[in-house]
Protein chains: 2
Amino acid sequence: MATFVMQSLGCEVAAINTVQLSNHLGYGQAKGTRATASEITDLYQGLKDSYLDSFDMMLSGYLPGAASVEAVGAIARDLKYKATMKPGSFFWVLDPVMGDNGKLYVAEDVVPAYKALIKDADLILPNQFEAETLTGMKIVDGESLRLAITKLHETYRIPHIMITSVKLPIPGAVGSLSVVGSTATSSFQPRIFSVKIPAIDCFFSGTGDMFAALMLVRFREAVTNTAALMTRSSWISEDDVEATKLPLAQATEKVLSSMHAVLTETKGRRDRELELYDRRIKGPGEGEKQSRLVKTKAAEVRLVRNRGCLRSPGVLFRAEDF
Amino acid sequence: MATFVMQSLGCEVAAINTVQLSNHLGYGQAKGTRATASEITDLYQGLKDSYLDSFDMMLSGYLPGAASVEAVGAIARDLKYKATMKPGSFFWVLDPVMGDNGKLYVAEDVVPAYKALIKDADLILPNQFEAETLTGMKIVDGESLRLAITKLHETYRIPHIMITSVKLPIPGAVGSLSVVGSTATSSFQPRIFSVKIPAIDCFFSGTGDMFAALMLVRFREAVTNTAALMTRSSWISEDDVEATKLPLAQATEKVLSSMHAVLTETKGRRDRELELYDRRIKGPGEGEKQSRLVKTKAAEVRLVRNRGCLRSPGVLFRAEDF
């Protein structure tokens with residue numbers, strides 16, 4: 001998902017596949033292999049050996065255990081170190097994939113591994129549960145969300161934060177969800193904006209990776225369009241830039257518009273497929289499990305056929321002050 | 001390379017990475033891992049377990065050993081078997097990657113493994129050396145090339161054959177190379193065409209995979225545009241279709257036009273990069289090896305930035321009778 005999105009938008013990608021599975025875990029079963037931490041380290045060493053380690057950006061996503069989180073952290077630190085003399089020439093987007101909806105789906109030792117790592121990231125993309133896990137704070141309303149973001153900026157010195165899929169009981173916001181972001185000021189105060197998007201009543205897999213990959217590309221694009229920002233460390237905007245005018249906010253508008261278009265198309269296709277599936281005559285021995293698997297497949301994100309939505313999204317949503 | 005090419009042209013791809021290496025072997029060194037035969041088999045079983053094994057086409061490429069060649073063959077046969085009642089609904093493109101320029105670069109037991117396998121393929125894409133290896137015949141001129149293709153059709157019952165990069169001492173063909181293809185008639189006689197293309201004076205890696213992936217997409221497209229061909233077994237054209245009018249020939253014209261455009265762009269970029277590299281002041285301890293590695297990197301195919309050349313190539317080359 002992430003590799004194709006970045007390539008579609010013109011990035012040359014060196015991908016380290018940390019897992020090779022037959023399918024995503026939404027199916028409840030999968031076969032395949034996970035890369036060990038030393039295999040990850042080895043691949044990076046191979047790149048270095050042949051002078052193939054010049055990268056502008058790095059995106060790290062799902063990692064199967066604490067050791068591989070540390071291995072990826074070591075790669076990012078090495079790339080950061082190389083870029084020390086050229087501020088803004090390397091940028092690390094870290095998606096601290098740990099769980100969702102109140103549940104961890106990685107090993108427990110992954111949590112402290114990420115806590116030790118995120119202070120070196122330029123942009124982190126936790127969902128609401130992951131933000132709670134990283135800060136130890138429960139997010140129940142706008143105020144606690146603001147406190148959690150402030151803590152991430154202050155405690156971990158993270159320049160940019162995006163909290164993906166915030167579900168808060170906000171009056172009048174039925175059927176919608178919010179994405180909330182912030183770029184720190186020079187004194188590590190938050191500048192928070194939010195983008196409200198309509199919820200689509202369907203469970204999709206891989207949307208976190210899609211968001212991360214789109215964000216990487218669109219944020220760099222927005223920074224490139226802002227005079228002198230590309231050579232500032234971590235691309236942190238001047239203090240007088242308001243929240244909704246941040247390059248991060250501009251990027252988020254485009255990212256969510258692309259995603260909404262792709263997922264709306266996917267939902268339509270999935271509904272038509274399920275209608276046909278429910279209508280047809282069942283085969284012998286066809287049970288509950290098969291039906292569940294077929295329904296999961298029907299909700300697979302239609303990315304390739306909707307790649308036009310990635311390249312030139314009409315902007316459907318606007319960032320608002322939080 | 002192959003996955004991105006197919007995705008760019010609208011295919012949903014389930015990729016089994018048979019190797020995960022830091023770089024291609026043109027660098028003379030690489031780190032990484034190779035999938036075992038049982039890992040390959042396992043991934044396919046995982047797909048089957050979740051009803052994710054509905055494929056229209058399969059492309060098999062580089063495989064590190066005889067056991068993995070056999071594992072991939074078993075997958076292809078299983079998919080063929082499932083398609084028995086619907087002729088033309090599954091098509092296998094097999095690139096028997098074994099070597100080039102007179103040299104094997106796989107283990108010796110890979111050769112008999114491919115010989116046992118190719119009779120089940122719909123289209124094979126050997127280069128000149130691989131065609132020689134499969135037939136046991138030396139290709140030295142047009143006549144021996146015709147004999148080798150005839151033998152592949154007759155002995156192995158292969159419907160479609162493309163011999164990629166034929167280098168023959170043809171008078172007046174200096175600075176060019178040919179791609180020679182054939183679709184068998186119902187009596188397994190060859191219908192041979194050739195497409196001559198200008199040679200580009202540079203060694204590129206991954207062009208075999210690029211050719212294979214483009215061919216898969218463009219051949220299916222040409223077959224779709226031919227009435228009733230899609231439901232014929234192995235998409236074999238009626239006996240009265242001439243060589244240069246074959247869908248395989250039409251596909252080849254488009255494939256080579258895309259490749260020529262991408263590789264010409266790549267060569268231009270590479271030359272400019274090398275010029276800058278040669279002019280700059282050398283760092284301390286910079287030797288022969290570093291220079292060789294940098295030059296190899298400069299010749300990496302610029303695929304992502306030239307993906308427009310994949311989608312809508314102007315046709316530059318025409319198939320001729322052989």
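Start by selecting E12(B) and R305(A): these two form a salt bridge, with their closest N and O atoms 3.3 Å apart. (A salt bridge here is a side-chain nitrogen of Lys or Arg within 4 Å of a carboxyl oxygen of Asp or Glu.) The count between chain B and chain A is two salt bridges.

Before you click on, a word on the model: it is predicted, so local features need pLDDT of at least 70 and side-chain atom pairs count only at pLDDT 80 or more, while totals for chains, interfaces and linings use all residues. Residues are numbered from 1 along each chain as its sequence is written, chains are lettered from A in the order in which they are written, and side-chain values use heavy atoms, with hydrogens and water left out.

**Next stop: the interface**

About 3300 Å² is buried between the chains, and carbon and sulfur atoms give 55% of that. (Buried area is the accessible area, with a 1.4 Å probe, that two parts lose on being put together, summed over both.) Highlight Q20(B), K31(B) and Y51(B): in chain B they lose the most area to chain A, together 18% of what that side buries.

**Then: the second largest pocket**

This pocket has a volume of about 270 Å³. Select Q20(A), T33(A), Q20(B), T33(B) and E39(B), which are the closest to its centre of the 17 lining residues. (On a 1 Å grid over the protein atoms alone, a pocket is an open set of points with protein on both sides within 12 Å along at least five of seven lines; a cavity is a set where a 1.4 Å probe fits but cannot get out; lining residues have an atom within 4 Å of a point.) Colour β2(A) too, as it gives the largest share of the lining, three residues. By class, the lining has five nonpolar, eight polar and four charged residues.

**Last stop: the cavity**

α1 (2-8) of chain A and α1 (2-8) of chain B each supply at least two of the lining residues.

Notes. Helix = DSSP H or I, 4+ residues; strand = E, 2+ residues; numbered from the N terminus. Points joined across faces, edges and corners; volume = space filled by probe spheres on them. Nonpolar A, V, L, I, M, F, W, Y, C, P; charged D, E, K, R; others polar.
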